[in-house]
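This briefing concerns selected sites in a protein assembly. Please consult the sequence and the structure shown below while reading.

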Amino acid sequence: MDSIFGICGKDWVVVACDTAVNRSIFTLKHDDDKILSLNTNKVLACSGEQTDRYQFSNYIQKNLELQAYLTGHELSIEASAQYMRTELAKALRKAPYQVNCLIGGFDHLNGEAKLFWMDYFGTLQQVTKGAHGYAGYFVNSVLDNNYQVNMTLEDGINTLKKCIVELKTRFIMNQPTFIGKIVTKEGIRVINLTE
Amino acid sequence: MDNENFGLAKSFSSAPVLSISPHTNFSQKEQTDIEHELNEQVGTTGEYVSEGFCFKLAPGQDQIGFMRSLKEKAPKLTDFAKGTTTLAFEFQEGVLVAVDARATMGAFISSNNVRKVIEINDFLLGTMAGGAADCMFWEKYVAMQCRVYELRNGEKPSVAMASMMLASIMRQYRGQGLSMGTMFTGSDKTGASLYYIDNDATRVKGRLFAVGSGGTFAYGVLDTNYRYDMSLDEAVNLGIRAITSATFKDSASGGVVRIYHVTNHGKWNLIHDAIDVSELHYQFEQNKGHTGRGNEGKPNKYL
């Protein structure tokens, strides 16, 4: 029931996420950061059961770090996404990770930002905007209508804020706080999307 | 291709047995020992073998599938009737743990004097909700692992690490019928910290948790009165108040309140061992000027 969604421009990408951890009828935690910064130019937002989310995102992060140590090169955004897909697909027929992900990042090689959408079956797709879970039913249309080629980062952030307003007016779940992470040439920046 | 079936199939060939499958010993194979075979089968699943010992799992390869079909065919066997109220919260002087003491078997109250705080070792505490055996066993197992870590490395493990040990065990046995909802607290170099761990292998660090059937009622009192900068006395009183209120509304919780305090300096203290909740209830109600029988403001029809 986690809400994660993101939008991607030419040289920026923003991923947003609610911060609640729910179990049965409780909210266990109100301030959980579900967006992991993989390095200085890549973020991985996961939704799903807490344990799978933790296990998968940390496994990926550590392995990407190891890869960077061994080769001296950071993987590109697409290569990292493909690696995550492979690991998810490998696990699918054994002990599947129930995680849906958005992978966002900035490629220093060609100066482009990229956003990838991936579900727990291992469907991987590069997108300009994406959402997971129930939030997708509400948010996808808002993203579609507000997206423009060459839109600025400010427009992107405003679009995400519109998404959150929509979720707060129509979605039954109580998700009081949202966190966002912006990836640009300068690195990763955290923003509070609920003012 | 190293298993026994391989050897048996090839035993029809004329080649000497040992050259085909050197590991197969036919003389032993003939005296079938069911217990031994079962153990072997379990052993082959590999990933379920814990260090040092192994449980007997359901026969067959698909443990999780077995549990699922068992739940369908015999729901009463797997759904334990359980009820409890346990709570713990962080505040400036450490972590406060408060629990009730009732054990139920369906509608029958089997005990009102249960110890639901498990004293794992001299710096770790765990609470008990769900299956008592699972909580007690695995938290003692963590105690053992912590001691081994201490002997190997010459320093105590952090609370984060100890809680991760428990969460990893829960992950390993996920979907196989364990039942546990625990608040794992302790005190290390960084001070006291609090984790929530359950049988779905959820592990979250947090400031305030309440677990069990009375947990919702406890949350109600805690959330309205909680402050981080409470003194120890205030925290103890809040803990008592929350448990008392929860035991009043939740029939599966009751008995006595026990309070533990985990300090920021690497140890814990038992503050109250047994305060009767029914006495507390009358005390609290009388402080408000009520009788405690709950008949205030109601028409006196039948008297």
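With which side chain does the side chain of B:Thr84 make a polar contact? In this predicted model, the partner is the side chain of B:Lys116, at 2.6 Å. The points below describe B:Thr84, then B:Thr127 and helix H9 of chain B.

**B:Thr84**
- An unreviewed UniProt entry lists B:Thr84 under "active site".
- B:Thr84 is placed in the loop that lies between helix H6 (75-78) and E1 of chain B.
- With a relative accessible area of 5%, B:Thr84 counts as buried, because that value is under 20%.
- Beyond its neighbours within four places in sequence, B:Thr84 contacts residues including B:Asp100, B:Lys116, B:Met128, B:Ala129, B:Gly215 and B:Asp250.

**B:Thr127**
- Strand E6 (residues 124-127) of chain B contains B:Thr127.
- B:Thr127 is buried, its relative accessible area being 1%.
- A polar atom of the B:Thr127 side chain lies 2.9 Å from the backbone nitrogen of B:Met183.
- Apart from neighbours within four places in sequence, the residues in contact with B:Thr127 include B:Lys116, B:Val117, B:Glu139, B:Gly181 and B:Met183.

**Helix H9 of chain B**
- Helix H9 (residues 215-225) has as its buried residues B:Gly215, B:Ala218, B:Tyr219, B:Val221 and B:Leu222.
- The elements covering these buried residues include strand E4 (26-29) of chain A.
- From chain B, the cover includes strand E1 (86-91), strand E10 (208-211) and helix H10 (232-249).

Methods: Residues numbered from 1 in each chain as written. Chains lettered and ligands numbered in written order. Predicted model: local features only at pLDDT ≥ 70, side-chain atom pairs only at ≥ 80, totals over all residues. Heavy atoms only, no water. Helix = DSSP H or I, 4+ residues; strand = E, 2+ residues; numbered from the N terminus. Buried < 20%, exposed > 50% of the residue type's maximum accessible area, 1.4 Å probe, protein only. Polar contact = N/O pair within 3.5 Å; in protein donor to acceptor, adjacent residues only side chain to side chain. Contact = heavy atoms within 4.5 Å. UniProt positions renumbered as here; feature names shortened; annotations may be inferred.
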